[in-house]
Amino acid sequence: MTTRLPHRAAAAAVTATALLSLSACGGAETAPAAAGTVSVAGVEVKKDQALYDVLPEEIRKAGKVRVATDVPYPPFEMFAKEGGSELTGLDYDLGQALGGKLGVAFAFTPQKFDGIVPAIQAGKFDVAMSAITDNKDRQKVVDFVDYSQSGSGILVAEGNPSTITTLDTLCGQKVAVQTATNQLDLLKSHQAVCTKAGKGKIDIQTFPKDSDAQLALRSGKVVAQVLTKPAAGWVAKTADDGKAFDLVDDPAAPGGYNASPNGIAVSKELPELTDAILKALQALIDDGTVAAIYNQYGVASIAVPKATKNAAVD
C-alpha cells in the first residue's frame with residue numbers, strides 16, 4: 001500500500017493510545033492564522049515579500065491557499081479536542097508556517113483521503129497537505145513539494161532494555177506488529193537476513209490493532225513493535241507523557257525502513273504556487289522552523305534536509 005505512509009491504518013490506530021479517541025468531524029474550513037507574521041512551534045515566521053510577489057494572482061487576490069486534509073492521522077493531522085473542529089498536527093503547523101512566509105493564509109478543510117486529488121483536479125482546492133506519498137502515478141495529475149520521508153520504525157519500552165538498534169537486532173526476538181500491514185511484510189522479508197546471519201528468525205506476534213501491540217510491549221511479552229516511524233515517534237512522545245516507550249533511530253534509515261517521500265500536492269494549474277511553496281519550505285528548513293515543528297511531534301528524523309519537487313522513488 002502506497003497511500004500516505006507504508007500503512008495508513010497503523011498510524012490511524014494510534015489515535016486510541018496517544019490521542020484519547022479524537023473523532024473526525026469535518027467539511028468546514030478551519031480559521032487560518034492571519035497572513036503575515038505568525039508564531040508556530042515557538043518560532044516567529046515573517047512574510048517574505050519576494051515570495052509573495054511571485055504567487056499566482058488568484059492566490060494573492062484571495063489572500064489564502066485552499067488546503068485539503070484528511071483528519072485524523074497522527075501526528076500529521078489531528079483535532080485539537082475530541083468532537084471539535086480545530087485542527088493541529090505537523091501538516092497543519094507546517095501549513096501555517098508556509099502561510100506566514102508567503103504572506104497568505106493556509107486554510108485547511110477536512111476531506112476524505114481518496115477524494116483529495118480529484119478535488120484538486122476539480123479546482124476545489126489549491127493544494128493538499130495530508131502525509132501524501134509522492135509517487136509517479138500521482139505526479140501525472142498533481143505536482144509535489146516533498147517535505148518528509150516516512151517508512152517503518154521500531155518502538156521499544158522506555159530505556160530500551162533489550163538494546164534494540166536495528167532490524168537485525170530483532171532477529172531471534174519476539175516482535176509485535178499489526179496484522180495485514182506493510183510492517184508485517186517488512187518483518188517477514190527480513191527473516192532471510194536473520195537466517196543467513198545465524199541469529200534465528202524473528203518471532204512475529206501479530207495483533208489486530210496497534211494499541212494491542214503496544215499493550216504487549218508494555219507487559220514485556222515482546223521486545224519491540226514495528227509500525228510507521230511517524231506514529232512510533234508520536235507514541236513515544238505522548239504515551240504516559242513520554243515515559244512508556246522509546247523510538248529507535250537507526251542512522252542508516254533516518255526516515256524509517258523502506259522510506260518514501262511525503263509531499264504537498266499542488267494543482268498543476270498553479271506552477272507558480274508550487275515554486276513559491278518549494279522556496280518557502282527551503283527557507284523554513286534553513287532557519288530551523290521545520291526542525292522546531294518536527295521536534296514538537298517527536299519525529300525530527302523524518303524531516304528532509306532539502307526541499308525537493310516530485311522526488312518519488314517508485
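Ser-152, Gly-153, Ile-154, Lys-229, Val-248, Asp-249, Asp-250, Ala-253, Gly-256 and Tyr-257 line the largest cavity. This is a predicted model, in which local features need pLDDT of at least 70 and side-chain atom pairs count only at pLDDT 80 or more, while totals for chains, interfaces and linings use all residues. Residues are numbered from 1 along each chain as its sequence is written, and side-chain values use heavy atoms, with hydrogens and water left out.

**The cavity**

A cavity is a set of points on a 1 Å grid, over the protein atoms alone, where a 1.4 Å probe fits but cannot get out; lining residues have an atom within 4 Å of a point. Grid points are joined across faces, edges and corners, and a volume is the space filled by probe spheres set on the points. The count comes to one cavity of 30 Å³ or more. The largest cavity holds about 50 Å³ of space. Strand 8 (residues 142–157) gives the largest share of its lining, three residues. Strands (E, at least two residues) and helices (H or I, at least four) are DSSP runs, numbered from the N terminus. By class, the lining has four nonpolar, three polar and three charged residues. Here Ala, Val, Leu, Ile, Met, Phe, Trp, Tyr, Cys and Pro count as nonpolar, Asp, Glu, Lys and Arg as charged, and the others, Gly among them, as polar.

**Strand 13 and its partners**

Strand 8 also pairs with strand 13, in the antiparallel sense, over nine bridges. Two strands pair if DSSP finds at least two bridges between them. Ser-148 has Asn-262 of strand 13 as its bridge partner. Strand 7 (residues 127–133) pairs with strand 13 too, antiparallel, over four bridges. There, Ala-128 stands opposite Ala-265. Strand 13 (residues 257–267) is largely enclosed by the rest of the structure, because nine of its eleven residues are buried. Buried means under 20% relative accessible area, exposed over 50%, and partly exposed in between (1.4 Å probe, protein chains only).

**The loop between strands 3 and 4**

Pro-72 is found in the loop between strand 3 and strand 4. At 16% relative accessibility, Pro-72 counts as buried. Its C-alpha is 9.2 Å from that of Gly-89, 17 residues apart in sequence. Glu-77 is buried, at 3% relative accessibility.

Tyr-73 and Phe-76 form a stacked aromatic pair, 6.2 Å centre to centre, with 20° between the planes. Rings of Phe, Tyr and Trp (its six-membered ring) pair if their centres lie within 6.5 Å; planes under 30 degrees apart count as stacked, over 60 as edge-to-face and the rest as tilted. Both Tyr-73 and Phe-76 are buried.

Most residues other than glycine have a negative phi, and most peptide bonds are trans. The exceptions below go against that.

| Site | Feature | Value |
|---|---|---|
| Val-71 and Pro-72 | cis peptide bond | omega about 0° |
| Pro-74 and Pro-75 | cis peptide bond | omega about 0° |
| Ala-131 | positive phi | about 50° |
| Asp-240 | positive phi | about 50° |

Is Ala-131 buried or exposed? At 0% relative accessibility, Ala-131 counts as buried. Ala-131 is found in strand 7. Asp-240 is partly exposed, with a relative accessible area of 43%.

How values were computed. 1 Å grid on protein atoms, 1.4 Å probe; cavity = no way out; pocket = protein on both sides within 12 Å on 5 of 7 lines; lining within 4 Å.
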